[in-house]
Amino acid sequence: MELTAFQELTQEISVECFFMTESQQEEKVIQLIDLHHFVECFDAKMKIVSYLHHSINIVVHEGEEKGILFCDLKHSAVPDSNASEEFRRRFGLSELWFVFVEETFVPDTACYTDAIIENSLDIFYDRIFTFNFFQSIIQPLKKEN
């Protein structure tokens with residue numbers, strides 16, 4: 001993402017999300033950076049529709065609206081999957097994707113497999129990925145059905 005585009009988007013967050021605390025706005029900026037970089041790496045034709053007012057990002061991919069939720073297990077717990085399913089219904093999303101974001105390469109995916117099993121993520125999410133942010137590597141943990 002270009003610096004000017006990043007500055008415009010962070011300005012939009014501070015204006016639109018004025019009611020959020022500083023740390024919540026910081027989390028929103030991180031969500032935005034993760035989203036933009038994921039789109040660049042996965043499919044640059046993907047269009048970002050909405051990201052400001054919820055943790056699930058709405059994108060258009062292959063002509064359908066889909067939701068993408070990012071989670072960094074080092075900094076937060078896995079969000080409630082029931083809320084994600086409700087979000088899918090409310091916004092009429094064709095799919096929900098769950099993305100584990102990692103800053104350093106994790107060769108052993110057992111921690112992700114455990115999180116998937118413990119939180120029944122494979123039931124709620126159509127696709128599950130790991131996304132190594134700095135190496136720009138996306139690996140599927142659950143592919144399309």
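Reader: Which residues form one aromatic cluster together with Trp 97?

Author: Ring pairing in this predicted model is judged on Phe, Tyr and Trp (its six-membered ring), with centres within 6.5 Å. The members of the one cluster, besides Trp 97, are Phe 38, Phe 42, Phe 70, Phe 129, Phe 131, Phe 133 and Phe 134.

Reader: On what basis are the residues numbered, and what pLDDT do local features need?

Author: Numbering starts from 1 along each chain as its sequence is written, and side-chain values use heavy atoms, with hydrogens and water left out. Totals for chains, interfaces and linings use all residues, side-chain atom pairs count only at pLDDT 80 or more, and local features need pLDDT of at least 70.

Reader: Are the planes of Phe 38 and Phe 42 stacked or edge-to-face?

Author: Planes under 30 degrees apart count as stacked, those over 60 as edge-to-face and the rest as tilted. Phe 38 and Phe 42 lie four residues apart in helix α2, and are therefore separated by about one helical turn. Their centres are 5.5 Å apart, and with 10 degrees between the planes the pair is stacked.

Reader: Is Phe 42 buried or partly exposed?

Author: Buried means under 20% relative accessible area, exposed over 50%, and partly exposed in between (1.4 Å probe, protein chains only). Phe 38, at 0%, counts as buried. Phe 42 has a relative accessible area of 25%, so Phe 42 is partly exposed.

Reader: Which residue has its charged end over the ring of Trp 97?

Author: The criterion places NZ of Lys or CZ of Arg within 6 Å of the ring centre and within 35 degrees of the ring normal. At 5.1 Å from the centre of the Trp 97 ring, the charged end is that of Arg 127.

Reader: Which strands does α2 touch as it packs on the sheet?

Author: Helices (H or I, at least four residues) and strands (E, at least two) are DSSP runs, numbered from the N terminus. Six strands form an open, mixed sheet in the order β1-β2-β3-β4-β5-β6, where pairing requires at least two DSSP bridges between two strands. With contact taken as heavy atoms within 4.5 Å, α2 touches β1, β2, β3, β4, β5 and β6.

Reader: How many disulfides does a search of the whole structure find?

Author: A disulfide is a pair of cysteine sulfur atoms within 2.5 Å. The sulfur of Cys 71 has its closest cysteine sulfur in Cys 111, 10 Å away and therefore too far for a bond. Across the whole structure, the number of disulfides found is zero.

Technical notes. Axes are lines fitted to C-alpha atoms, for helices over the stretch in contact, and angles run from 0 to 180 degrees between N-to-C directions.
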